[in-house]
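Visitor: Please show me the model, and then I will ask about the labels put on its parts.

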Amino acid sequence: MKTELQNKLFDKYPKIFVQKDLEIDTGDGWYNILDTLCGQIQNLNLLERFNVEATQVKEKFGGLRFYYNGGDEFIEGLTSMAEAISNRTCEECGSPGTQNNAGWVRTRCPSYWSDVALQNQAHQDSLKVKNEE
């Protein structure tokens, strides 16, 4: 995630993002999912019901992973819902997306899948040219 968006989350949810060296290792398209999740968690933190702190936020197997300390089953449910929504949301732009079934699993919208296909084709073409030389 771009530093600007990451810092917005850190500034908006200081009770969750306590670790100063934490990096959000996802695409920008999941910003709104994280913002909504953290908003719900922060509201509960402010009620002093919990003290939930994020320990790691990343993409894994094409979906969002939000690891934390503290909380209860409700927080677990919120996190599971956010992770499930990410499986249908383009990690790059936030539009509705799908996951691929082969290779490195990613969640992308049709526009970004087209970009990936073009990049893969260009790479294959460059390898072909090198082999012919």
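This is a predicted model: local features need pLDDT of at least 70, side-chain atom pairs count only at pLDDT 80 or more; totals for chains, interfaces and linings use all residues.

Guide: Residues are numbered from 1 along each chain as its sequence is written, and side-chain values use heavy atoms, with hydrogens and water left out.

Visitor: How many aromatic pairs does a search of the whole structure find?

Guide: The search finds two. Rings of Phe, Tyr and Trp (its six-membered ring) pair if their centres lie within 6.5 Å; planes under 30 degrees apart count as stacked, over 60 as edge-to-face and the rest as tilted. Phe10 and Phe17 form a tilted pair, at 5.0 Å centre to centre and 45 degrees between the planes.

Visitor: Why is the pair of Phe66 and Tyr68 called tilted?

Guide: Their ring centres are 6.2 Å apart and their planes stand at 35 degrees, so the pair is tilted.

Visitor: What makes Phe66 buried?

Guide: Buried means under 20% relative accessible area, exposed over 50%, and partly exposed in between (1.4 Å probe, protein chains only). Phe66 has 2% relative accessibility and therefore counts as buried. Tyr68, at 22%, counts as partly exposed.

Visitor: Why is Ile24 called buried?

Guide: Its relative accessible area is 0%, so Ile24 is buried.

Visitor: Which residues is Ile24 in contact with, leaving aside its neighbours within four places in sequence?

Guide: Contact means heavy atoms within 4.5 Å. Ile24 is in contact with Met1, Gln6, Leu9, Phe10, Phe17, Leu34 and Val57, those neighbours left aside.
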